[in-house]
Amino acid sequence: MESTAQNLFELAVTVNGTRYERTVEPRMLLSDFLRHELDLTGTHVGCEHGVCGACSVLMDGRPVRSCLMFAVQANGHEITTVEGLGTIDNLHPVQKSFQEAHGLQCGFCTPGILTTVVAFLEENPDPSEEEIREAISGNLCRCTGYQHIVDAVQLAAEKMK
Amino acid sequence: MEKKLIGKRIPRNEDPRLLTGQAQFVDDVNLPGMLHAAFLRSEYAHARLVSLDVSKARQHPGVVAVYTAEDMGKDWFPGPPLVSPPPTVEDVVFHSRRQVPLVKDKIRHAGEAVAVVIAENRYIAEDAAELIEVEYESLPVIMNIEKALEADSPLVHDDLDSNLAAQLSQKKGDYEAALKEADVVIRRRIVIERGAAAAMENRGVIAQWDAKGEALTVWDTTQAPIPIRNGLAARLGLSESQVRVIAPYIGGGFGPKIMMFYPEEMLIPWLAMKLNRPIKWIEDRRENFYATTQERGQVHDVEIALTRDGKVLGLKDNFLHDTGAYDPYGLTIPINTQCHVMGGYDIKNFTSEFKVVFTNKIIVTPVRGAGRPQGIFIIERMMDFAAKELGIDPVEIRKRNLIQPNAFPYEHGIIDQAFAPLILDSGNYPAVLQKTLDAIGYEKFIKEEQPRLRKEGKYVGIGVVPFIETTGIGPYEGARVTVEASGKVNVATGIGTQGQGHFTSFAQIVAEQIGVKVTDVRIVTGDTSEFHWGTGTFASRGAVVAGSAIHAASSMVRKKIFTLASKILETPEEELELEDGAVRVADMPQRFISLGELALLANPLRGAVEPGTEPGLESTAYYGPRYGPTAFGAHAMILELDPDTMMVKVRRYVVTEDCGTVLNPLILEGQVHGGVSMGLGNSYYEQLHYDENGQLLNASFADYLLVGATEMPNIEVHHVETLSPLNELGVKGAGEAGAIPVPAVFAQAVENALSDREFEINEMPLSPNRLFELVKS
Amino acid sequence: MKPAPFEYHAPTTVEQALSLLAEHGYDAKILAGGQSLIPMMNFRLAQPAVLVDMNNIPDLAFIKAGDDGLRIGAMTRHYQVETSDLAAEHAPLIHATMPKIAYPQVRSRGTFGGSISHADPAAELPTLTFALDAKFRLVSLRGERWIPAREFFFGLFTTALEPDEILAEASIPPLPPHSGWSLQEVARRPHDFALVGAAAVLTLDANGRCEDARLVFLSVGDRPMFAERASDLLKGQEVTPEAIRAAAELASTEEIDPSSDIHASVDFRRHLANVLCRRAIEQALERAKENKE
């Protein structure tokens, strides 16, 4: 990472398998970088203080709050956003399960939940209901009451066995 | 016609886009040359604006403009009111005081916008906002609604004699006579505090003025795009056809996203025209706490008169309602409270007077439930107190008072929030309650489980509460249904959508009539260029009002399909079948015409459309009810409470919902689950704490506690379907239902769990700390 | 809610980091996991002029076990401790507590040393390291020093760290045989900061009497609150229900300094401290009795 004039930094980051090089102010939040610099607007911003979880993305495979990181801190790392999971015509099994179990309503919190759940199921392919609730305890959803989300994660775990 | 699609658990059409990050929310709109706005908001709740110096902010690199109220010149004016004041009924008082785009002279709540900065990006806009120098002269702050009405209280609006914003009385029967007949009269004071809607998506507005095309496009997180368009056009001196308002995918609404106008909603389009640049403003979470409307604050003095055997003879409920600094939403909430405070009970004598009070708090407009949870909390608490006093089982006293199935339509003789008569259209209330009791195992719990667990040292409690929900009010909605040459169907309606599954439930209504796949119906909502008549999504009315309009338009298109197909297939209509995207001759499956071909023939390039007919397989229809259908339901909860820490865990939760015809049980259950989670928040987690200076002490998700996955129980949902006679589909609304009775159920269950302690719950929401205080004292 | 501008440095060695701190003094703020600092910056409640980002210094992330116990590098992430077998074996109290700290996404970034240096009196790690008699290695260009946890926390967000110093690692001594531990917390939601937390670490002698006891509380003062007299009360005697009640009573009435906020009053916090202290001693005692090695 190179520091340039006016306190700007050049960073190189791999997002969903594509390498991007950009020059940014160090204060730019990773969430804003993904959304506004890379136009990956699937990552949503709900609170910008690290509680709601809507902005959760994977960094090197682990879920992180993209509002609690500066973009420069992602330099040299691999990021996965919701756009990197599956496509409309080829949904990831977790995405498919969320549709089948009605695990989303307005869909605003959903991208952060999907990334979190994808990482969680890799670590724990056969989770209990309690473990699922713990895993998504850092993702607030105002629409679903979580029950269908839990159902969807269970369904996804079955699908991915 | 036997229903093939309505009532089925069909996965949603909209999900693939939402699940892959391809659905466009307002903040996802990115326009070339777009500028970004940040607001400077008052930290004072009540103060005079002495001076404002924006010169440093204007000089800050990257800043394009800074505007104050003075800079708006003659374009500065308050309002307009969103909901019209009530019609002249006897003794009604209503002082309309509307929010202002930017504060000119006096700040009336913390968070009111004082200036707006337009800059190259949001970071710079926020930097510059910090450079604005403001001198305030602080004024005594009015926070408490009871003190606000005292003669010596300072005034929120100096031109009024008091902080009374409105006053309305409603009566039914003769309460004073009932009082004389009563064996028992119970009186209580019950206080309900404020919460936030806290949609996961904050508000946002983007405006683009095309100077050459003379057209304004606005992306807005509104639940009501058409009224916003009409209001903007009027305000900005444009024709309505020059303004397009798009409410794309919206990240949850829950009420506050329908407030005409939020100051930002008016200012951003005005600035975009002024500066001739696209401008984006996205509310951040702190602003959402300070600048988005809130609800629930009321103080009730309630009195219930009963016979010895628990029959309610009359109810008196006088209450104060906190409207915050302004009252743009009229009397919707307190009238809703009045209309729900008799619950689903046969109460012949009723009197209620409410006073709406101005305070130096954030503006109050409906939040999911909209006055109904307060009404249900009041009557259900009183039922519990009466049961205790009379030594009757709490379920039994409710059974003795429920409106019976043969009593519908049940006319209350008071007016509802739409100023229509409050008439409960249909229902089978006892059956719903019984189903709930059976599902939770009420008898067994009381007789066996609770005593057994108590012996093991566990404190468990049960609560069961029935409730009504008035839904689906007017004035009207409309829809246009078009079969296109592809054989697919396009539907445009005027309401907005915020996650309710309209893209699917509406598609089911259409597909049922037109014989296509649900996935072949494209629903367009929330774009005024697609359909420009309608009001919006509120009052649990989407499925009822827009759904009925869509159903009516679909039925008309179905008729057109049969008329044309009959001609082309040379077969009488009654011998035709419409299925799988084609019209067939019954018993001759090889003789058919596809809907796509039919659509082409209905809109020919040559040849004539016959006189008296319209081109295309298209119809537009409207639906406006005289009054709305009333849903009914019952909730039951078993909770466990640790009396040493006052930590509560909900162990079981049962809901029976009768919202008439169920369009899609999967979607309905999702709505119920979400409603209950918000209701649980209103019971035990969510309270906005203001200090005596009008500062919000918990304006963050770290301290304003939304219910998370680890707090929510699983919910068992049952259905009873009593079709509404008010619309062809037989539907009643359901969107707000889940949230309404939860605080009442929770209070009952907590008292039940701690039945060996002397205390009473006369307030909402609770907390471990508050329960500790209540039980100790 | 966007942070104010700052000067950013991302050193790759401890020495570089220390030079930057020495150069910028009070203007500089260390960025560890950022899970407390960045929210404050987004609210603009914190506006550091210079940020020294420690996330590119691999030397500071480690978990090692030895005769002197467990050593955890300051930049070790919470999730790494949470999933560490070494931590489970050598510092079970800390290991068992990790899943309660915030949420999975925060534990991916939050660091052991960051949490301790931040010294939030409501956080678990300051109280637990205190209760376990841990010590911290502080380094600066001037050299290094070890300081016991009990001398590290000065007050609200205030520690023994000088502006040119960083916390490099924590060393957690092994518990003697016949020791037991417990952390009891009450939080509004399981992953929120606790309204009150009580940690108990007990060691029994061969006769089953209490040889050593440390009762330390969180969220009831401006730092981890050590109930020294209550701890002493338990020592040298059998830990009977009466002794437990007496210790909890003393600790909760005289040895903590809770304040009221929107979530809990002073009274409620004292009451909870009493309840949780009892529960913590009871659970620690049970563990101590089971722990025969």
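Strand E2 (residues 47-53) of chain B is joined to E7(B) by 6 bridges, and the two run antiparallel. Strands here are DSSP runs of E with at least two residues, numbered from the N terminus, and two strands pair if DSSP finds at least two bridges between them. The model is predicted: local features need pLDDT of at least 70, side-chain atom pairs count only at pLDDT 80 or more, and totals for chains, interfaces and linings use all residues. Residues are numbered from 1 along each chain as its sequence is written, while chains are lettered from A and ligands numbered from 1 in the order in which they are written.

**Sheet in chain B**

- The open sheet has 3 strands in the order E5-E2-E7 (chain B), with antiparallel pairing.
- Strand E5 (106-107) and strand E7 (133-138) of chain B each have a single partner strand and stand at the edges, so one side of each lacks a neighbour in the sheet.
- B:Arg48 has B:Glu137 as its bridge partner in E7(B).

**Domains of chain A**

- Chain A is assigned domain 1 (2-84) and domain 2 (93-159); such bounds come from an automatic or database domain assignment.
- Taken over C-alpha atoms, the centres of domain 1 of chain A and domain 2 of chain A are 23 Å apart.

**Where the domains of chain A touch**

- In domain 1 of chain A, 18 residues are in contact with 11 residues of domain 2 of chain A; contact requires C-beta atoms, placed from the backbone, within 7 Å.
- On the side of domain 1 of chain A that touches domain 2 of chain A, strand E4 (56-59) and strand E5 (62-65) of chain A each supply at least two residues.
- E4(A) gives the most to that side, with 3 residues.

Methods:
Helices (H or I, at least four residues) and strands (E, at least two) are DSSP runs, numbered from the N terminus. Two residues are in contact if their C-beta atoms, placed from the backbone, lie within 7 Å.
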